[in-house]
Amino acid sequence: MDITSPIELTQELNEHLPPSRFFTSQFFGEQVHGTVGVMVDIVKGSTKIAPYGHRGAEATTAYRDGYETKTFNTYPINLKRPTTAIDMLKRMPGEAVTFVGGARNAEAAAVAMMAHDQAELANMVNRAIEKYSIDALVNGTLTVAGETIDFGVKASHKVTKNGTDKWDGNAAKIVDDLEDWQSLIAQDSGLTGTDLVLGKSARKALLGDANVQKLLDIRNVNGLTAELNLMVGRGARYLGNLGGLRLWAYDEIYDNAGTPTAMVPDAKVILISKDIRATVHYGAIDDVQGGRFATKMFSKTWATEDPSVQWVAVKSAPLPVIEQADGYVVATVV
């Protein structure tokens, strides 16, 4: 592989991308565009059924409806990392310590370090996509580079429990709430809620409720986790099944100006359908050295003479969009 070729580097990066995080791998699809702006169909679910008719009668006309096309701009995430000549001689994390044979081979070390840095930068991009995907669900809107996108989430799908209705009291009616939200999703979108993702405080309230404890099915925790192909470290833990709903503890955090912050707020729950229409749209990446790329992530290297530094960059232009806002409910429950 020629590490000076953006085309080869980009191909290698996209063939070995770190796995997506929980939300983006389970509830969001992906679409790569060759443009900066993307056209997206915001859909409304349908509960229409096909009517019977008399034999020999004209067929019933079924019109296309229930969606609105909107155009959104994508914005870049650009990361770069420097490597100096001294860095190339240092042992990398996990590399065996050796005192035989003198200094490390700088060229081989540079390639290994570049691959390691590429993977780290790509993982940072993945975590950003996960965070913004959750923001879109929790807020019903997404603000990127000063532009706010409103996905049209109805007020009835953004719930706040107050007083004795909260899940942290003896009067909590958790199962009733979940049934009501399931019915709301079915009524408005035609979908069936399949997964309940819980922030930390909400999780404690749910698991501490005596009625929930009686109904919670944890017999196939390991089997279902394997079936869904959820790798360790993607941010979620499977807790069990409650009335046909898969329950997930969500532990992912991000560095918010030096403060560790939960991506799913502690008091929030998200009841969502695995069939919801939601997509991470990747816009085109413009680069003077490499040209225009329609790809999930782009990478290149370059050197500066003074100071003498080798750089590696990873770029992406992701935009998470909820195209079927009626397919989930977000609630503050404690």
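Predicted model: local features only at pLDDT ≥ 70, side-chain atom pairs only at ≥ 80, totals over all residues.
**Entry 1: the three-stranded sheet**

I looked up the sheet that holds β17. It is an open sheet of 3 strands, ordered β4-β18-β17, and the pairing is antiparallel. I noted β4 (77-84) and β17 as the edge strands, since each pairs on one side only. Neighbouring strands here are turned against each other by 20° on average, direction ignored.

I then checked β17 against β18 (residues 309-316). The two run antiparallel, and 7 bridges join them. Opposite K300 I found A313 of β18. Next I asked what lies across this pair. Helix α1 (residues 6-15) lies across β17 and β18, and runs at about 135° to β17.

**Entry 2: K300 and its partner**

I stayed with K300 and looked for a charged partner. K300 forms a salt bridge with D287, with 3.0 Å between the closest N and O atoms. D287 sits in strand β15 (residues 285-287) and K300 in strand β17, 13 residues apart; the pair links distant parts of the chain. Are these two buried or exposed? D287 has 8% relative accessibility, so it counts as buried. K300 has 12%, so it counts as buried too.

**Entry 3: other salt bridges**

I searched the whole structure and got 15 salt bridges. I picked out E30 and K296, whose side chains meet at 3.0 Å, N to O. This pair links distant parts of the chain, 266 residues apart. E30 is in strand β1 (residues 29-32), while K296 is in the loop between β16 (291-293) and β17 (298-304). E30 is partly exposed, at a relative accessible area of 43%.

I compared a local pair, D135 and K131. Their side chains meet in a salt bridge at 2.7 Å, N to O. Both residues lie in helix α4, 4 residues apart, or about one turn of the helix. I found D135 buried and K131 buried as well.

**Entry 4: the nonpolar core**

I asked which members of the largest nonpolar core touch the most others. The core has 72 residues, and the answer is F23, W167, W181, L196, L198, V269 and Y328. Helix α4 (residues 106-139) gives the largest share, 10 residues.

Leaving out residues up to four places away in sequence, L198 touches W167, R203, L206, L239, L247, W248, A249, Y250, K268 and V269.

**Entry 5: the β11-β12 hairpin**

Last, I looked at β11 (residues 253-256) and β12 (residues 259-262). They run antiparallel, and 4 bridges join them. I253 has A262 as its bridge partner in β12. The two strands form a hairpin with 2 residues between them. In the turn I noted A257, which has a positive phi of about 55°.

Notes
Residues numbered from 1 in each chain as written. Heavy atoms only, no water. Pairing = 2+ DSSP bridges. Core = buried A, V, L, I, M, F, W, Y, C linked by side-chain atoms within 4.5 Å. Buried < 20%, exposed > 50% of the residue type's maximum accessible area, 1.4 Å probe, protein only. Contact = heavy atoms within 4.5 Å. Salt bridge = Lys/Arg side-chain N within 4 Å of Asp/Glu carboxyl O. Axes fitted to C-alpha atoms, helices over the stretch in contact; angles between N-to-C directions.
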